[in-house]
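Please consult the sequence and the structure below before reading on.

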Amino acid sequence: MKSLLLRRLAVLLPTLLLVSMMVFGLQKLLPGDPALALAGEERNPEVVEYLRQKYRFNDPIPVQYAVWLKALVHGDFGTSVRTRLPIGTMLAEKLPVTAELAMLSMLVALLVGLPIGIFAALGRGTPFDYGASLFGLAGLSIPHFWLGIMLILLFSVNLGWLPAGGFVPPSESVGGNLLSMLMPALVLGTGTAAIMMRHVRGAMIEAMKQDYVRTARAKGVRESTIVLRHALPNALIPVVTLGTLQFGELLAGAVLTEQVFSIPGFGKMVVDGVFSRDYAVVQAVVLCTAAVFLLMSLIADVAYVLLNPRLRS
């Protein structure tokens with residue numbers, strides 16, 4: 001296990017460094033002068049020159065990257081030019097919001113995708129199986145922003161059951177928090193549920209073909225016991241690793257959903273940073289998201305080894 005962790009870390013750290021180079025470099029390719037954007041409508045030449053000196057826009061790009069990376073290693077993400085707040089403080093405020101949305105979306109995916117996938121595998125070729133395949137295709141095809149708008153029109157505008165947007169912190173009201181996060185979680189969870197359902201269905205079909213299932217049936221073991229105690233635990237091994245990776249994708253892919261429902265998370269933070277040319281904010285958010293995704297990938301690798309005894313040696 002130690003050798004596995006060392007090998008994965010040996011790949012993870014250079015990957016994170018490469019991501020930081022790409023994030024920093026691609027930001028510099030954006031058109032326009034950030035100093036002019038920060039100077040306001042008047043664009044006083046003295047103010048523009050002051051901003052270029054303050055944020056070192058006149059330095060060569062490798063020098064700017066080295067200065068930024070050095071501060072990053074020491075835990076200094078910089079200061080937002082739009083809000084004048086430390087970016088580390090902003091990340092600490094926004095990350096729990098996006099993490100909660102990702103966890104609720106994963107819960108929706110598990111509650112929907114796992115049962116449908118299991119019953120579709122057990123009833124292979126039945127109308128339920130075809131309906132499950134149709135659900136999987138729809139969940140992967142429907143855009144999140146369109147589904148979010150349709151849910152707002154139905155449950156908020158027409159029925160008035162749920163708030164159309166916004167975020168209520170759990171410290172203020174647990175019930176209000178769950179109501180405000182219900183529709184965003186459903187929107188994000190449907191796509192993940194479709195992926196889960198397809199993988200669970202395939203894994204269960206393969207598990208039910210194994211020799212130990214035929215042996216259990218020959219011994220007269222009940223079908224429910226065969227499914228729950230023999231086939232399902234083996235079928236869920238790859239699903240656990242898939243769920244870990246999907247959680248990382250939920251953290252990274254909540255941009256449009258947070259915009260539609262006005263949720264103050266990572267997605268809205270990075271969009272606001274792009275429109276205001278707040279480069280430091282965009283770099284910090286993208287880099288943190290990449291770091292979380294790489295960490296989820298590491299956890300998935302470790303979980304797969306722990307759950308599969310054949311790989312422990």
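How many aromatic pairs does a search of the whole structure find? The search finds 4 aromatic pairs, where rings of Phe, Tyr and Trp (its six-membered ring) pair if their centres lie within 6.5 Å, and planes under 30 degrees apart count as stacked, over 60 as edge-to-face and the rest as tilted. The model is predicted, so local features need pLDDT of at least 70 and side-chain atom pairs count only at pLDDT 80 or more, whereas totals for chains, interfaces and linings use all residues. Residues are numbered from 1 along each chain as its sequence is written, and side-chain values use heavy atoms, with hydrogens and water left out.

**Aromatic pairs**

- A pair of aromatic rings is described by the distance of the centres and the angle of the planes.
- The pair Tyr65 and Trp68 is tilted because the ring centres are 6.0 Å apart and the planes stand at 50 degrees.
- Tyr65 and Trp68 are 3 residues apart in helix H4 (residues 61-73), and therefore about one helical turn separates them; helices (H or I, at least four residues) are DSSP runs, numbered from the N terminus.
- Both Tyr65 and Trp68 are buried, where buried means under 20% relative accessible area, exposed over 50% and partly exposed in between (1.4 Å probe, protein chains only).
- Together with Phe24, Tyr65 and Trp68 form one aromatic cluster.
- Phe155 and Trp161 also form a tilted aromatic pair, at 6.1 Å centre to centre and 40 degrees between the planes.
- Phe155 is partly exposed, with a relative accessible area of 22%, while Trp161 is exposed at 59%.

**Surroundings of Leu250**

- Leu250 belongs to helix H10 (residues 223-252) and is buried, its relative accessible area being 5%.
- Not counting residues up to four places away in sequence, Leu250 touches Ala102, Ser105, Met106, Leu188 and Thr192; contact means heavy atoms within 4.5 Å.
- Leu188 is 62 residues from Leu250 along the chain, with 7.3 Å between their C-alpha atoms.

**Nonpolar surface patch**

- Ile142, Phe145, Trp146, Ile149, Met150, Leu153, Val157 and Leu256 form a nonpolar patch on the surface, with about 700 Å² of accessible area together (Shrake-Rupley method, 1.4 Å probe).
- Patches are made of residues with over 30% relative accessible area and no salt bridge, nonpolar side chains (Val, Leu, Ile, Met, Phe, Trp, Tyr) being joined within 5 Å; a salt bridge is a side-chain nitrogen of Lys or Arg within 4 Å of a carboxyl oxygen of Asp or Glu.
- Helix H7 (residues 144-158) provides the largest share of the nonpolar patch, 6 residues.
- Ile149 lies in helix H7 and is partly exposed, with a relative accessible area of 39%.

How values were computed:
Helix = DSSP H or I, 4+ residues; strand = E, 2+ residues; numbered from the N terminus. Patch = residues over 30% accessible without salt bridge, like charges linked within 9 Å, V, L, I, M, F, W, Y side chains within 5 Å.
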